[in-house]
Amino acid sequence: MSDPTNVLAPKHRRLRIGDTWRDAASGATFAVEDPATGQTIAEVADAGVADGLAALDAASTAMAQWAATPPRKRSELLTATHRALTERSEEVARLITLEMGKPLAEARAEVAYGAEFFRWFAEEAVRVEGRYSTAPAGGYRILTVPKPVGPCVFVTPWNFPLAMGARKIAPALAAGCTTITKPAAQTPLTMLLLARIMEEVGVPPGVVNVVTTKRSGEVVSALLADGRTRKLSFTGSTEVGRVLLRQAADNVLRTSMELGGNAALIVCADADLDVALDGAMVAKMRNIGESCIAANRIYVEEPVREEFTARFAERMGALSVGHGLDDGVDVGALIDDASVTTIDKLVADAVERGARVLVGGERPDGPGHFYPPTVLVDVPEDARMLREEIFGPVAPIIPFTSDDEVLAKANDTEHGLVGYVFTRDLQRAIRFAEGLDTGMVGINRGLISDPSAPFGGVKQSGIGKEGSHEGILEYLDLTYAAIDLP
């Protein structure tokens, strides 16, 4: 097995600040491990507050020139990034698998998905428009001018180490903003490689800065407290999102928050069960279930409950578990031991309350952070896994008998990111789409993520949208000029 970390020379495991790759001011480093083995694969710089502020210095210095860069030039650099990621897909994918754990096929899909954000926003960069009109009462003109919000701070998660950064960096650069990205400590290598690629295609110094750290709280807090920061975008848990929103409020920062989920997947009796099974497998097991849009609760209408459950359990039980770089592996390692422990406790809690395990349900021995695909039935309503985000390959199946009943259960959560519905009745599908308290709904499909579509939730699942035309608006302020013209 080749070592994908070879694509990162030692200097590229440092902080990317301005035009340099530098060590942390303290000289500190931290280890990045392969979750499938628990072995260290790299040491990267462990930034402190001084390093974070140095990155903000660089982003602030570069801001005026980058904002004044012609949109076509910004577009061309984003297109070049898309092309470079596509050409180097295999090395990027192998690095993702090595530090995050997902199977190589899924890592390749993430590279394609992440690269597409650069292509999409390359096209959006040249379509930022204001308007000019006559005031209704006459006597003056109304001119609106969109402008970049300013230096942006991005806090990205470990589950999609390329795509979540791309989803923020691409629209920010298209709009004319400079950026500082703080990737998750578990998976910093992919973001460092992206910074290297963007440097190589010609993105100017200071536009894309990357600060890796195990001291996220103090570094991010210092960045948010500095008046030069004008925008925060965070993807992660609702709990951390609340903390960051409180901090962002002190300087009234623009925020985009993509937070936790508790997605309900609803299978109606009139659904095409083959389509529903395919969709449920994708919605549950994409990214090993480590996704905010993963199906957390699967509701199946009573007439088809028995058949769906048997077929779904059979498919879950047939998935192979192993190192993501090995051939034929369907389910890779979870990110760390804490994640496995949390999932194991959720399963144990459900079983103690009366649930039955049809497949999986036992933490394996040996190295690495693995948990088998697991299906549970007879899950009581007070089970923790129906209230908390599972974030792993565990699927509780719950029966329902009416649309009103299942809608009430699906919406009985603080979260509102996504829901899934499988039915061949168009009117029923529309009623569910309108009735679910979510920002997104998948109708007869388990994969909804697309750079051309607005991604985001309601309630405590977030604020704002990422992707689509709406995504670039998150990085633009609007100036209105009243022009006297009798």
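The questions and answers that follow concern this predicted model.

Q: Why is Tyr475 called buried?
A: The relative accessibility of Tyr475 is 2%, and buried means under 20% relative accessible area, so Tyr475 counts as buried. Tyr475 is found in the loop between α14 (468–473) and β22.

Q: Why is Gly150 called buried?
A: Gly150 has a relative accessible area of 5%, and because the limit for buried is under 20%, Gly150 is placed in that class. Gly150 is found in the loop between β6 (140–148) and β7 (152–155).

Q: How far apart are the C-alpha atoms of Gly150 and Tyr475, and how far apart are those residues along the chain?
A: Their C-alpha atoms are separated by 8.0 Å, although Gly150 and Tyr475 are 325 residues apart along the chain. For Tyr475 and Pro171, which are 304 residues apart along the chain, the C-alpha atoms are separated by 7.2 Å.

Q: Why is Ile483 called partly exposed?
A: Ile483 has 34% relative accessibility, and since buried means under 20% and exposed means over 50%, with partly exposed in between, the value for Ile483 makes this residue partly exposed. Ile483 lies in strand β22 (residues 476–484).

Q: What makes the nonpolar surface patch that includes Ile483?
A: The patch, of about 280 Å², is made by Tyr132, Ile483 and Leu485.

Q: How many cavities of 30 Å³ or more does the structure hold, and what lines the largest cavity?
A: The structure holds 5 cavities of 30 Å³ or more, and the largest cavity has a volume of about 80 Å³. Of the 15 residues that line the largest cavity, the closest to its centre are Asn262, Arg297, Ala410, Val418 and Thr438. Two or more lining residues come from each of the elements β12 (263–267), α12 (403–411), β17 (415–416) and β18 (418–422). By class, this lining has 6 nonpolar, 7 polar and 2 charged residues.

Q: What makes up the lining of the second largest cavity?
A: The second largest cavity, with a volume of about 60 Å³, is lined by residues including Arg16, Met198, Glu199 and Gly206. Helix α6 (residues 189–201) gives the most to this lining, with 3 residues. By class, the lining has 6 nonpolar, 2 polar and 2 charged residues; Arg16 and Glu199 are in the lining and count as charged because Arg and Glu belong to that class.

How values were computed: Residues are numbered from 1 along each chain as its sequence is written. This is a predicted model: local features need pLDDT of at least 70, side-chain atom pairs count only at pLDDT 80 or more; totals for chains, interfaces and linings use all residues. Side-chain values use heavy atoms; hydrogens and water are left out. Patches are made of residues with over 30% relative accessible area and no salt bridge: like charges are joined within 9 Å, nonpolar side chains (Val, Leu, Ile, Met, Phe, Trp, Tyr) within 5 Å. Accessible areas come from the Shrake-Rupley method with a 1.4 Å probe; for residues, only the protein chains shown count as cover. A salt bridge is a side-chain nitrogen of Lys or Arg within 4 Å of a carboxyl oxygen of Asp or Glu. Helices (H or I, at least four residues) and strands (E, at least two) are DSSP runs, numbered from the N terminus. Buried means under 20% relative accessible area, exposed over 50%, partly exposed in between (1.4 Å probe, protein chains only). On a 1 Å grid over the protein atoms alone, a cavity is a set of points where a 1.4 Å probe fits but cannot get out, and a pocket is an open set with protein on both sides within 12 Å along at least five of seven lines; lining residues have an atom within 4 Å of a point. Grid points are joined across faces, edges and corners, and a volume is the space filled by probe spheres set on the points.
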